Every structure is written in C-alpha cells, then in structure tokens.
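Student: I have a structure open and would like to learn how to read it. Could you walk me through it, one feature at a time?

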Amino acid sequence: MLAIEHLTLAYGDTVVVEDLALSAADGEVLCVLGPSGCGKSTLLRAVAGLEPPVAGTIHLDGRDLAGLRPDQRDVGLMFQEHALFPHRTVAENVAFGPRVHGLDRPAIRQRVTEALSLVGLSGTEFRHVDELSGGERQRVALARAIAPRPRLLMLDEPLGSLDRALQTRLLEDLPRVFSQLGTTVVYVTHDQDEALSLADRIAVMRAGRIEQQDTPAELWRAPRTAFVAGFLGLGPVVDVQADADTVTTPWGRVPRGAVSDAGAATGTVAAVLLPEALRLAPGHRPPGEDELAVAATVATRRFQGDHLRVGVDTDTGQRLYVAAWRGQLPGVGDEVTLAIEVAGIHLLADDARG
Amino acid sequence: MTDGTASTKRRTHGPRRHRRGAPRGAALALLVVPVVFLGWFFVWPVTAIVGLGLAPDGEVQLGVLARVLTDPSVRSVAWFTLWQAVVSTGLTLLVAIPGAYALSRQEFPGRRALQAAVTVPFVLPTVVVGSAFLALLGPRSPINAALVAVLGETAPTLDLRRTVTAILLAHVFFNYAVVVRTVGGLWSMLDPRLEDAARVLGASRWRTFREVSLPLLSPAIAASAAIVFLFTFTSFGVVLILGGPGRATIEVEIHRATTQLLDLPLASTLALLQLVAVLSALAVYGRLTRRAQQQRLVASASTRRPPRSRGERWFLGANLAVIVILVLSPLAVLVERSFVTAAGYGLDNWRRLLVDEPSSVLAVPAGEAVRNSLLFGVSATLVALVVGGLAATAATVGRGWITGAVDRALMVPLGTSAVTVGFGFLIALDRPLDLRGSPLLVPLAQALIATPFVVRTLLPVLRSIDQRLRDAAAVLGASPLRVWREVDLPIIGRALLVAAGFSFAIAVGEFGATVFVARANLPTMPVAIFRLLGRPGVANFGQAMAMSTLLAAITAAALLAIDRLRVGSVGRF
C-alpha cells in the first residue's frame, strides 16, 4: 500500500503541495481529482522520485522511499502527453522497462506481448511511435508503464489529449486493465466523469491539499465543501440560515434534523441541492410531505440525449436545473412547480479557503 | 466549467518547465577530464605566454601594458578587428539564414552533395582561403578575363586586393557553413506544424518566420553568430593575405610581433587584449542565451519538401545562386589553379603528390604530409569527442553556475588566437611532462581547437531532449547512466557524428597552432601548403593548390560520409 504523510513540495519558493496526507490500499484505484495547477501532477512526480519533497514521507508497502532514485522505487508512471521515446518502435518502448530491469530476452518478449495485448495493441510491435494515432500512443504509454509490473501504477491525466469518443472507449477499457493487473493505481485527472467511473476512492485536491477523500458514491452523496460540490458539478450553492433546530432556505424553513449535513456550523452557511433532490412536480404527482414546493418559470431547455435538462428560475431568484423525461417536457416560459426533497438539502462544512 | 474557481489560483511552475538537475557531484565528476584538459593545454600555456610578456624577469612591469594600450596604432588595430568582425557576422547571418532554410527545409536534387560542398570552405586552411580569394578577386581573376573578352576592355578593372571588401567576402565564404549547419540542423527538426499553425492563423510567410521560426531558432542563431564573431574577430590567415597596412586584426599583429618584431611583451599584451575582448563577447553571449531551450523536435526528413509555389522556387533559386557565386566559385578557382603548370594546364602538380621522393621544400615526400594529417586528425577527433562530450553532458545535467561556466569556458580556446596557443605550447609544456618534442602536441592542439565545436554541436540537441523522456526512463527503472545511454545517446547520435566530422575536418585543416608545434619532419597538409606558398615559383604554388584541393576533397568526403551515416538506427529521430 501507498502511504503519504505530511508531504510538502515546492518549486523554489512556490509551495505546490502542502502537508498532504494520502493513502491507497493494495489493489485500490485511487483517483486524485482536481483543477489544473492544484499540484496533482507534482504529487505523482514526487512519488516517482522526480521531485524531492521539502518535508514529509512516502511509504510504499512499508518501505520508506526517501533517498531512492526513480529507478529504485518500483513504481510506474504514465506521463501526461505520453513521453514516448521517439527514436524507438512500439515494442522497444514497451520493452524498455523489462530490459533495464535485466530480464532475459524471452521474458522481455513475453512482457511486451502481454502488455500490448492487455491494452489491445497486439500486432503493432514494429511500428514506429511517430506513426501511431493519439489513442494508440496512449495505449503504448500505458503498456510501457505496466510492462515492468510496478507495485504502484500512476497515471497522469492519461486521457487528457484525446477526443471524447476515444476517452469514452478507453474509460471502458481501463477498469478491465486495472482489475487484471491487480496493482494499486493512482490516477490523476481534472475530469470528474473519469474519476467517478474509475475510482474505488476519490481524493479531491485543491491548491496543494486534499479537500475530501471518499468513495465516489459517498462523495456524490455528501460533498464536504462548496469547492467539492462545485467541482463535481453540483449546484447551485446557496446561503442558508442554520440554527440548532431549524434551517431557513430560500424556499422555506425546514427542521435541521431533516436535512443532510456535512458538519456545518450555525448562522449563515453554504448549502447545495444534491442532484436527486429536485424534480418537476406535475399535477398528478404534487410535492409530498418531505418535499418543499417551489413555483418557477422555465428559462432554458437543453437536450441531453436520454433526457432534457431544464433550467428554471424560481420566484426566490435562483436558477436551478432539473432533469425532465419523456411525457413531462415543459416549454420555455411555462410555469411549473418544483419539488425539493428536504433530505437532499445538504449543508456544507465551512469553506475557509474559498 | 469545473475548474473555474481554481484557474485563478493556477500555479506558475508546472512540472514540465521544471528542469531537474543531477546531483552536483555527478556534474562535477564529469567535468574532471575537461577541466584537466583545459587547464593543462590551454590555461597553463596562455598564462605562461602572458607572464613571459608582462613579467619577463619575474617581476611585473605594467609599463609595457600602458605603452601598448595607449599606442594609437594598437587602438586602430583593435577598432578594425572589432568592426570587421561585427560586419562579417551580420553579413554571414544575412546571407546564410535563407541558405539554411533552403538546404534544410527544401528538397531538391543534389541537396545533400551541396550541403557537404558548402561546408568545405569552413574547413579549408585560412591560408588557402586567402589565396583562393586573391586569385578570384585579383587582377588575374577569371572575372577580369571575362570582362576583357565581353566588354573589350584593355586593362583589368577588378582588383580587390588589400580591401576590406575582399576580407568580408572571404569571411562570409568561410563561415557560411557554420550558420547553415547550426541553424539548418535545428530548423530541419522544428515541428512544421508550428509554422503551419501560424499561417492558418493568418500570418504571412515573413511574419511567420519572424514570430514563430526565428524565436525557435534563436538558440542556434545566437550560437552560430557567436562562433562567426569569434572566428572573424580572431581571423588570421585570411587577413594576413587579403589585408595589408591598416587592415590587420589583433591576431595578425600578434603574429607579426612574435615572428617579425620579436617583441614578446607586445605580443603577449595583444593576446591579453584579445582574451579580454573574447571573454566580454562570451559574457554577452551567455546573457543572451541563458534561457534553457526545450522544444518539440520532429524527424528531419519529414520537414523537407520540394518547393511548390513560384515564390518557393524563386527563393531556392536565389539561394542556389548565392551558393554558386559566393561559395563554389572560389573552390572552382582553387581546383583550376591546381592544374596550372609552367607549361599551361597539366597534371604535374598532382603527380608530384604521389611520387615517393622527398620534396625540396618539405624535406619529406608530400604524401607523408597527407598521412600525418589523417593520423593526427583521427587522434584529435577522439580527444575532442571525449572532452567535449563530457563537458556538454555536464552542462546539461548540472545546474546553475556549472552549466554556464562550462558553456563559456569551452568557448574561450575558440576565441583565443591559435597562434598564441601554439606558441604557448612550445614555451610552457616542458612541465609537468616535457611534451615539447612530442608528436602528441599536434593532435592535442588540434583537439583543443575542435572541442568547442563538439560542445556547440551537442549542447542544443542535448538541451532539446524532452526532460520527460529521461523521467520516463528513470521511472521505468533505468539508472542515471542507463538513462544517458538509452535516451540521450541515441538522440544525440547524429549530433555526435556531425561533431566527429567537424572535429576531424578542423583538425586536418588546423593551421595557426599546428604551424608552431608540428616538427619539421612531421608536417601536416596545411603546414606543407604554407611552406610551399612561401616559396616562389609556379610549380610550388601549383603543388600547394593541388594539396589544398586534396585537403578540401578529404574534408568533403568526411562530411558527406557523415550525412549518409545518419541513415540507420543511430541518430534517428
């Protein structure tokens, strides 16, 4: 397992990662999710031994990695934009790791064959990396990273430079590859869809710190701060008045015990509506007892394939988005009633660094 | 937008910009050999000669310094040296940068042979360049013959002997290849999509060149400009022959002071003056090129294409015309002269190169000079590759001051008078080992002159290697040495071959230092040519021309072989 404690990283005087703690269990897929520039790539480089830490420790399977060169750490890193060796063929790129680890020829050939077949590139061995498409390069980079069978596989924005269709396809392949490898995986991305579909656990990173670590479901169900909620695409974040017993929202007053709570203080606190909390309430399905009824006007409609994303302006002045399915498709300008599930109002913890 | 809140907090230092230096100890260990080499064979002899000049009796006599520096004729020599170097450098860049594009980015029949041909002047002994231009621009020039024939003029109208124009033209001729090779080498590997992108965005060709290509090429342009400047600043043979009173560089003055006036204090003070000027130039150069360069390089073959539009054909044609007129015609005159005998055209000059009888001027058979040159050239190349390769690697993996210091220190011998180096060898190398009588002195002196070229050729390529490739190799389990062998070495393979070719050509053609240290019974080709030129007579001159032609052929063959060698896995991008 990977255990990072009190890790601080800096470029010169600029602190990039500060007092960070993170761990990944054996065989776990941990996604580090965060905006560009939050320090997540630097974090991977530090684990790989490419950046010296200012402070803190990194342990892999109980071994302290401090002072070990990258080649002595037994980790794999798939680089952003691949960093394939331009002067070598596909097979030579993939064989590099096993070769420098001193494997004999048959073993190297076997590793190359295995790795390439795992990423679905069998038969491309003798092609030059310049001749490959973006998706193929991607797969070669992955095959190269796994061929030495590292104890820890790290991927830095592996799908970043690909088009949407390729991303979707590789996203479907990656869980299979990860489970066949059985290695601990740390996967860095800024795309919450990638993180949600791949991760056993997600660590949301912000400005050099971990904001929240949880399973995807838990993260989605109970984001701790406004930053996490915003990064997952939840919203809007509204201010509510919370005291010991009641919470006053723009749409009505509800008992504090009935709402979801990430550990908010009292007074003016931030709250977010969880995605399932909101529905259109047509006449035949009026708001129930555990729901708030809100009058609103349809402002925008966006077709999303299997549903319609409807933007409505409430009388209290927020723009909310709600999914509408076939059979209940309102037009722009229609007056509608929204039902807000009280349990889906989620109070956020203090977001001091907002 | 999911990262809206964070983009305002974007950190400026991404991992990609960041260079990771090797441990300082490693860089220093790599420097041991270059430092010892430079110290023993450069610093020590130069110190000795300066000391001999300023403190002949073991006591410093600053009066000499004051006398030399206030002398108006010394001042005018310094001024002439400076301005002709600046103008020569500017002219060379102006003519050669378009040529670099034509030879590296345009594809046409004979391109490779032409590329090798334009490199030949650079490796010709300066004495031969001077003679060739004398023949081309003097009263007996073929141009005059043509003028007489076509216009019916009675007297030769063209005579550029002892003019600045002749010196400048010879300098452009001489240094054209430096710019074409250095700038063209990088240009051929620049991703053409960058230029395509600029064109698609609406930039004109000129604008694209100015705003995209030029900045990307700036390290190569700065490097080649520095070399050309230092070369022309310390120009010796060319100015010695084509110049005259009031047209002498400091180098020529040092030579005159040493050999004719026997005024060692004057010579050493001039050497000191030149050293200061060179160091200042290097400091400026260091400031200009401090930024580490890292850019995407692509396969050089993929960037070349035949001229397609009328403008491109016109551009190629104009450059070919420049090459033919400026670069090839002096070579043609040189070859033509090698066949001129007392009895008209004939093969006598060439026949005498092969006959195994001691020449009256050389004391040994002429063929032996050829053999000596090849042997010394190979040895010097090996030394220069080891020393320059280690230094370039140290300058790449080291951090901070090491990088800059190595970079500049190795440029110094380039800018220092070869005459000073050669003379210094003779007076200083009796300690710690007495090497003065040793034939080793010749390849050592030649290697000293060639090493800066090795560094200059390797450094841009080494610095252009994407650090992530090294990182990737390290993470995959390669030790630092292995990373160098597996990533750096294959990528710089071609640059190494080019460096080897350059070193060999320079060593074979080296004159200024060799003329001091070559023993009388072990002359090299340039020394033999010099001795032959020093004797009157059509036969001696013709034989010098024949040997010069042979020397040009040997260096051209070396460079052409290198151009072909890069096919294959080594050095492939």
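Tutor: Chain B has 27 helices and two strands, while chain A comes to eight helices and 21 strands. Here helices (H or I, at least four residues) and strands (E, at least two) are DSSP runs, numbered from the N terminus. This is a predicted model, where local features need pLDDT of at least 70 and side-chain atom pairs count only at pLDDT 80 or more, though totals for chains, interfaces and linings use all residues. Residues are numbered from 1 along each chain as its sequence is written, with chains lettered from A and ligands numbered from 1 in the order in which they are written.

Student: What share of the residues of chain B is buried?

Tutor: A residue is buried if 20 or more other C-beta atoms lie within 10 Å of its own, exposed if 12 or fewer, and partly exposed in between, with C-beta atoms placed from the backbone. By that count, 49% of the 573 residues of chain B are buried. For chain A, with 354 residues, the figure is 46%.

Student: And how should I read the contacts between residues at least 6 apart in sequence?

Tutor: Two residues are in contact if their C-beta atoms, placed from the backbone, lie within 7 Å. Of the contacts in chain B between residues at least 6 apart, 81% join residues at least 24 apart. In chain A, 66% of such contacts span at least 24 places.

Student: Which residues touch the most other members of the largest nonpolar core?

Tutor: The general idea is that in soluble globular proteins, nonpolar side chains tend to be buried together. A nonpolar core is a set of buried Ala, Val, Leu, Ile, Met, Phe, Trp, Tyr and Cys residues joined through C-beta atoms within 7 Å. The largest one here has 283 residues, and Val186(A), Leu338(A) and Leu458(B) touch the most other members. Setting aside residues up to four places away in sequence, Leu458(B) touches Gly388(B), Gly389(B), Ala392(B), Ile492(B), Ala495(B), Leu496(B) and Ala499(B).

Student: At what angle do helices α13 and α21 of chain B pack?

Tutor: Axes are lines fitted to C-alpha atoms, for helices over the stretch in contact, and angles run from 0 to 180 degrees between N-to-C directions. Helices α13 (250-260) and α21 (418-428) of chain B pack at about 35°, with axes 9 Å apart. An α-helix has 3.6 residues a turn, so residues three or four places apart point the same way. On the α13(B) side you find Glu251(B), Ile254(B), His255(B) and Thr258(B), which meet Val419(B), Thr420(B) and Phe423(B) of α21(B). The residues of this contact divide into three nonpolar, three polar and one charged. (Ala, Val, Leu, Ile, Met, Phe, Trp, Tyr, Cys and Pro count as nonpolar, Asp, Glu, Lys and Arg as charged, and the others, Gly among them, as polar.)

Student: Now a sheet. What is the strand order in the open sheet of five strands in chain A?

Tutor: Two strands pair if DSSP finds at least two bridges between them. The order is β16-β20-β17-β18-β19, with antiparallel pairing. β16 (278-280) and β19 (319-324) of chain A are the edge strands, each pairing on one side only. From one strand to the next, the twist averages 45°. Within this sheet, seven bridges join β17 (291-303) to β20 (335-341) of chain A, and Ala295(A) stands opposite Thr337(A).
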